Amino acid sequence: MNFSSWPPLLVVDVEGNGANPPDLVEVAALPVREGRPDTSVAGAWLTKPRHPVTPFAARVHGLTNERLESEPGWEEIADQVHTLMGTSWICAHNAHVDHRVLSAHLPTWRPAGVLDTLRLAKATRPGLPKYALDALIEHLRPDLSAAPAHRHRATFDAYATAQLLILMADHYDTWDQLVAAAVPPGLPGAPEPEKDPTLW
C-alpha cells in the first residue's frame, strides 16, 4: 500500500454518557499520515454532557459526572472539533455509530468518506470468532506502546483503531481497493454502484 496516495484521514472515536441518543463526553481525532498515526496534531476533547453520565457508562470509560463537571459544554468546543475534522475522510471501528453521533452533534459536518475497521477486518481476516476492538487487538497485535490513556477512552481507542487500519490496509495495493472493502454502504465515500447500461 502506498500510504502517500491517501487523502487526508482522521481516525475518530467518541465516548458517550450512556443515554440513547447519547450526549458526547469525549471525542478524539487522530490524523494518519504516511502510514503512521500523527499524535502531534491530534485533537482530544472532554465535554460536560447535558444529561448525567449513567453509572454503566462511567464504569466503562471511567469518565464520571464529577470528572466532567468543570469541562466545557459541547457548544463551547463544537467549532474546534469541526475545524480539525473539516472535510477529511474519517475512520472508526463500527463507524456507523461514530458517524451518526458526530453528525447529530455537528449538523453541518460532511466527511469526504468513512472507513470502518470492523468491515475491513471481516474482509481481510474472515473467520475470526469475534471482530470487536479487543478481539482484533488480541489477534493482530498492533504496537500500542505509545497509546495514550487506557482502553475505552477515546484517545486510546482512536490510536488502537489507527494501528489496526494501517496493518489491514497492507492487504490492498491501492486506496480505491481499500475504499471498496472498508466503506459501509450508505455512508459517505461508498463506491457508486455501476449502473446497468441502457438498451438505447
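This dialogue takes a student through several features of a predicted model.

User: Which residues does the domain annotation cover, and what is the chain like there?

Analyst: According to the unreviewed UniProt entry, the annotation "domain: Exonuclease" covers residues 8-174. Over residues 8-174 the chain is 40% helix and 19% strand. The end C-alpha atoms of that stretch are 15 Å apart.

User: How should I read aromatic pairs, and how many are there?

Analyst: A pair of aromatic rings is described by two quantities, the distance of the centres and the angle of the planes. Here the count comes to 3 aromatic pairs. In one of them, the rings of tryptophan 6 and tryptophan 175 have centres 5.3 Å apart and planes at 55 degrees, so this pair is tilted. Tryptophan 6 lies in the segment before strand S1 (9-16), while tryptophan 175 belongs to helix H8 (residues 175-182); the pair therefore ties together parts that are 169 residues apart in sequence.

User: Are tryptophan 6 and tryptophan 175 buried or exposed, and which residues do the ring pairs link into a cluster?

Analyst: Both tryptophan 6 and tryptophan 175 are buried. The cluster linked by ring pairs consists of Phe3, Trp6, Trp89 and Trp175.

User: How much space lies in the largest pocket, and which residues are closest to its centre?

Analyst: The largest pocket holds about 540 Å³ of space. Its lining has 24 residues, and those closest to the centre are Asp13, Val14, Glu15, Gly16 and Val97. S1, helix H1 (55-61), helix H4 (95-105) and helix H7 (154-169) each supply at least two residues of this lining. By class, the lining of the largest pocket has 10 nonpolar, 8 polar and 6 charged residues.

User: What lines the second largest pocket, and how do its residues divide by class?

Analyst: The second largest pocket contains about 210 Å³ of space. It is lined by 15 residues, and Pro8, Leu9, Pro31, Val32 and Arg33 lie nearest its centre. S1 and strand S2 (24-33) each supply at least two residues of that lining, and the largest share, 3 residues, comes from S2. The lining of the second largest pocket divides into 10 nonpolar, 3 polar and 2 charged residues.

User: Why does threonine 155 count as buried, and what is it in contact with?

Analyst: Burial is judged by relative accessible area, and a residue is buried when the value is under 20%. Threonine 155 has 18% relative accessibility, so it counts as buried. This threonine 155 lies in helix H7. Leaving aside neighbours within four places in sequence, threonine 155 is in contact with Glu26, Ala28, Ala44, Pro148 and Ala149.

User: Where is proline 184 placed, and what does it touch?

Analyst: Proline 184 is in the segment after H8. With a relative accessible area of 3%, proline 184 is buried. Not counting residues up to four places away in sequence, it touches His96, Val114, Asp116, Arg119 and Ala190.

User: Which residues are joined by a cis peptide bond?

Analyst: The angle to read is omega, and the cis bond here has an omega of about 0 degrees. It joins asparagine 20 and proline 21. Proline 21 is in the loop between S1 and S2.

User: What is phi at asparagine 94 and at arginine 141?

Analyst: Asparagine 94 has a phi near 60 degrees, a positive value in a residue other than glycine. Arginine 141 also has a positive phi, of about 55 degrees, although it is not a glycine. Asparagine 94 is in the loop between S5 and H4, and at 34% relative accessibility it counts as partly exposed. Arginine 141 is found in the loop between helix H6 (133-140) and H7, and with a relative accessible area of 60% it is exposed.

Note on methods. Residues numbered from 1 in each chain as written. Predicted model: local features only at pLDDT ≥ 70, side-chain atom pairs only at ≥ 80, totals over all residues. Heavy atoms only, no water. UniProt positions renumbered as here; feature names shortened; annotations may be inferred. Helix = DSSP H or I, 4+ residues; strand = E, 2+ residues; numbered from the N terminus. Phe/Tyr/Trp six-rings, centres within 6.5 Å; stacked < 30°, edge-to-face > 60°. Buried < 20%, exposed > 50% of the residue type's maximum accessible area, 1.4 Å probe, protein only. 1 Å grid on protein atoms, 1.4 Å probe; cavity = no way out; pocket = protein on both sides within 12 Å on 5 of 7 lines; lining within 4 Å. Points joined across faces, edges and corners; volume = space filled by probe spheres on them. Nonpolar A, V, L, I, M, F, W, Y, C, P; charged D, E, K, R; others polar. Contact = heavy atoms within 4.5 Å.
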